[in-house]
Amino acid sequence: EEALLSGAIDLAVHSLKDMPTDLPDGLTLSAIPEREDPRDAMVGRSLDSLATKGRVGTSSLRRAAQLRAKRPDLEIENIRGNLDTRLRKLDEGQYDAIVLASAGLRRLGWENRITELLDPDVMCPAVGQGALAVETRSDGGAAEEIAKRLEHRESRIAVTAERAVLAALGGGCQVPIGAYATVDGDVVHLRAIIVSPDGTEIIRKQASGPVSEAATIGRALGEELLAQGGRQILEAVYGAA
């Protein structure tokens, strides 16, 4: 972003999942290209086939919390490194399974490593997971105009709703928050969760409405999650951080 603002570059491509909901003045997300599959993937073993005390690797608090909610008998262990490193650790037997974003595996041509795609009702994805964002200066310049050609309407609407949930919750990418939106014609369907890190508490809400109100729907759903007990969960997480 500093390079964009200084004029050193004209365009930056990000994983939207890692982007804050507020952008610096002078910058804009000129395009959200068509989104890859936003679901999480089990690699190595399917979730139900794992034995009691099975070792599952993930570095995500969101994934770990939802795994504990579904399978409290599993041993959830931290895993670090890039995709190659994580797959190598799995193949070496350090874990019985690992959880990764299916989008990353697909983009690298490794979809054959996916054992199971987790339904969003089992593992609600991270906000913006599977989506790219093309960021430019908001000056109406050539880069902004060219980037707009990559825009995908449904993907923009979906991530707009999801990011509005995150903005309402004030969360980042390392908190147990999930949101997943789909678009059906002129209607956006949104579901979102807050999970306690130990998986014992899940607050789950959903809403639908006109695509033109995607951001409003997302904000309202986020506020509803907070009011229904999500605030206490997030305060406990931030307090322990």
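**View 1. Strands β3 and β6 run antiparallel to each other.** In this predicted model, β3 and β6 are paired over 4 bridges. To find your place in this view, look for Val43, which stands opposite Ile98 in β6.

**View 2. An open sheet is built from 5 strands.** Reading across, the strand order is β5-β4-β6-β3-β7, and the pairing is mixed. At the edges are β5 (75-77) and β7 (114-117), each of which pairs on one side only. From one strand to the next, the twist averages 30 degrees. As a reminder, strands of a sheet pair through backbone hydrogen bonds, in either a parallel or an antiparallel sense.

**View 3. Helices α2 and α3 lie across strands of the sheet.** Helix α2 lies across β3, β4, β5 and β6, and runs at about 130 degrees to β6. Helix α3 lies across β3 and β6, with an angle of about 160 degrees to β6.

**View 4. Asp40 and Arg63 form a salt bridge.** Here the closest N and O atoms are 2.7 Å apart. Asp40 belongs to strand β3 (residues 40-43) and Arg63 to helix α2 (residues 61-70), so this pair links distant parts of the chain, 23 residues apart. Are these two residues buried or exposed? Both Asp40 and Arg63 are buried.

**View 5. Asp96 and Arg55 form a salt bridge.** The closest N and O atoms of this pair are 3.7 Å apart. Again distant parts of the chain are linked: Asp96 sits in the loop between α3 (83-91) and β6 (97-101), while Arg55 is in strand β4 (residues 55-57), 41 residues apart. Asp96 is partly exposed, with a relative accessible area of 30%. Arg55 also counts as partly exposed, at 29% relative accessibility.

**View 6. Glu224 and Lys205 meet through their side chains in a salt bridge.** The N to O distance is 3.9 Å. Because Glu224 lies in helix α7 (residues 214-240) and Lys205 in strand β11 (residues 202-210), the pair ties together parts that are 19 residues apart in sequence. Glu224 is partly exposed, at a relative accessible area of 35%. Lys205 is partly exposed too, with a value of 22%.

**View 7. Asp10, Arg137 and Asp139 belong to one salt-bridge network.** These residues are joined by salt bridges that share partners.

Definitions and conventions:
Residues are numbered from 1 along each chain as its sequence is written. This is a predicted model: local features need pLDDT of at least 70, side-chain atom pairs count only at pLDDT 80 or more; totals for chains, interfaces and linings use all residues. Side-chain values use heavy atoms; hydrogens and water are left out. A salt bridge is a side-chain nitrogen of Lys or Arg within 4 Å of a carboxyl oxygen of Asp or Glu. Helices (H or I, at least four residues) and strands (E, at least two) are DSSP runs, numbered from the N terminus. Buried means under 20% relative accessible area, exposed over 50%, partly exposed in between (1.4 Å probe, protein chains only). Two strands pair if DSSP finds at least two bridges between them. Axes are lines fitted to C-alpha atoms, for helices over the stretch in contact, and angles run from 0 to 180 degrees between N-to-C directions. Contact means heavy atoms within 4.5 Å.
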